[in-house]
Amino acid sequence: MLGQQLQPGLHQLPPALFGSEAAGSGGGHADPSLLHGLAPSRVPVITPGHEAAGEIDGLGSPTPGWHVGDRVVLAAGKACGTCRACVAGGGLDDCLDQRVMAFDYDGAWAEYVVVPVAALCRVPEDMPLEEAAVLADAVSTPYAAVVESGRVRPAESVGVWGLGGVGTHLVQAARLVGAAPIIALDPLPAARERALELGADHALDPTAEDVPDRIAELTEDAGLDVAFDIVARSGTMTQAHAALGHRGRLVLVGVSPDPLDLGPEAAYAVSRHTTIGHLGYRKSHLQELVRLVSLGRLDVSRSVSAVLPLEDIAEGIRRLESKEGNPVRIVIKP
Ligand SMILES: [Zn+2]
């Protein structure tokens with residue numbers, strides 16, 4: 001689940017008023033889903049935008065370590081503060097009623113946004129805010145899927161179904177931890193080409209009939225150690241599950257309107273497969289990514305496909321939905 005390592009009681013700290021002309025807000029796949037009612041929201045009218053970076057414009061009462069003008073990227077969640085786990089002193093990862101920015105409270109498609117100080121993650125001076133904004137969710141969710149849910153180890157074979165923004169970053173994260181080979185699958189030739197450039201060893205069209213044979217060949221008949229399904233439709237799930245080897249793990253990333261269809265139950269029992277659901281990230285993942293980008297281990301510069309002013313947000317959504325120019329993320333700069 002999306003989460004932060006909050007300290008007990010931190011949800012009671014005063015919020016930080018965040019924002020500035022430098023604010024960037026990634027236009028992610030979840031935002032159009034929210035607009036079309038495909039993603040859950042507990043409130044009827046809300047400001048979208050759950051991937052955001054910028055400068056602190058104002059602070060509540062004492063917030064040790066933070067100052068106006070500090071550059072930050074936001075973890076997009078907060079603990080409810082009242083559930084059994086929160087009352088017992090747990091943080092957001094334990095909270096039984098987690099709140100997600102842009103789904104349960106106002107997000108960052110705006111000039112300013114108010115967030116708990118615990119959501120702040122420092123961005124070094126040499127990192128563009130546009131790249132920092134992309135790290136929240138678009139990179140941190142697939143990164144968390146690789147390092148935490150999938151627990152990918154060096155030399156494990158990995159398949160990635162769906163090479164939009166999240167899938168592209170998942171390929172990069174798998175490369176970062178040493179997965180080999182990395183097999184990327186998407187019907188779009190441009191998406192496959194991009195995955196190859198960013199670290200995939202092979203790229204396949206999942207609609208081709210010989211996909212199972214090709215994956216078997218590329219894994220020396222062992223099948224995949226880990227299959228990541230970012231599309232999460234019944235067709236991709238079935239194909240991804242069928243490609244697993246002995247003790248393979250299928251990681252479902254994201255939210256699907258389809259019922260789960262994983263094929264014959266026997267495959268699970270005999271091959272000891274595991275299916276893992278994955279959503280979101282912890283704040284610690286975001287902090288790790290800031291460090292990896294800052295130290296040159298991870299390059300997300302290609303993930304900022306365009307930067308648009310806030311008033312052109314409808315145009316940004318149109319480009320994302322029509323996949324015009326095959327965008328990874330379109331950043332809104334209020
Ligand atoms: Zn709670």
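This is a predicted model: local features need pLDDT of at least 70, side-chain atom pairs count only at pLDDT 80 or more; totals for chains, interfaces and linings use all residues.
## Strand pairing

Val 253 belongs to β13, which covers residues 244–253. Strands β13 and β14 run parallel. Five bridges join them.

## The six-stranded sheet

These two strands are part of an open sheet of six strands. The order is β11-β10-β9-β12-β13-β14. Pairing is parallel. The edges are β11 (202–204) and β14 (274–278). Each has a single partner strand, so one side of each is left without a neighbour in the sheet. On average, neighbouring strands are turned by 20° against each other, direction ignored.

Helix α3 packs on this sheet. The helix spans residues 129–149. It touches β12 (224–229), β13 and β14. The direction of α3 makes about 145° with that of β14.

## The zinc site

Four cysteines coordinate the zinc ion: Cys 80, Cys 83, Cys 86 and Cys 95. Each donates through SG, at 2.3 to 2.4 Å. In sequence, the donor residues follow the spacing C-x2-C-x2-C-x8-C.

The geometry is tetrahedral, because the four donor atoms subtend angles of 105 to 117° around the zinc ion. The cut-off for that label is that all angles lie between 85 and 135 degrees. For four tetrahedral donors, the ideal angle at a metal is 109.5 degrees.

Notes
Residues are numbered from 1 along each chain as its sequence is written. Side-chain values use heavy atoms; hydrogens and water are left out. Donors are N, O and S atoms within 2.8 Å of the metal (3.2 Å for Na, K and Ca); water is not among the atoms, so sites may look incomplete. Four donors count as tetrahedral if all angles lie between 85 and 135 degrees; four count as square planar and six as octahedral if opposite donors are over 155 degrees apart and all others between 65 and 115; anything else is irregular. Two strands pair if DSSP finds at least two bridges between them. Helices (H or I, at least four residues) and strands (E, at least two) are DSSP runs, numbered from the N terminus. Axes are lines fitted to C-alpha atoms, for helices over the stretch in contact, and angles run from 0 to 180 degrees between N-to-C directions. Contact means heavy atoms within 4.5 Å.
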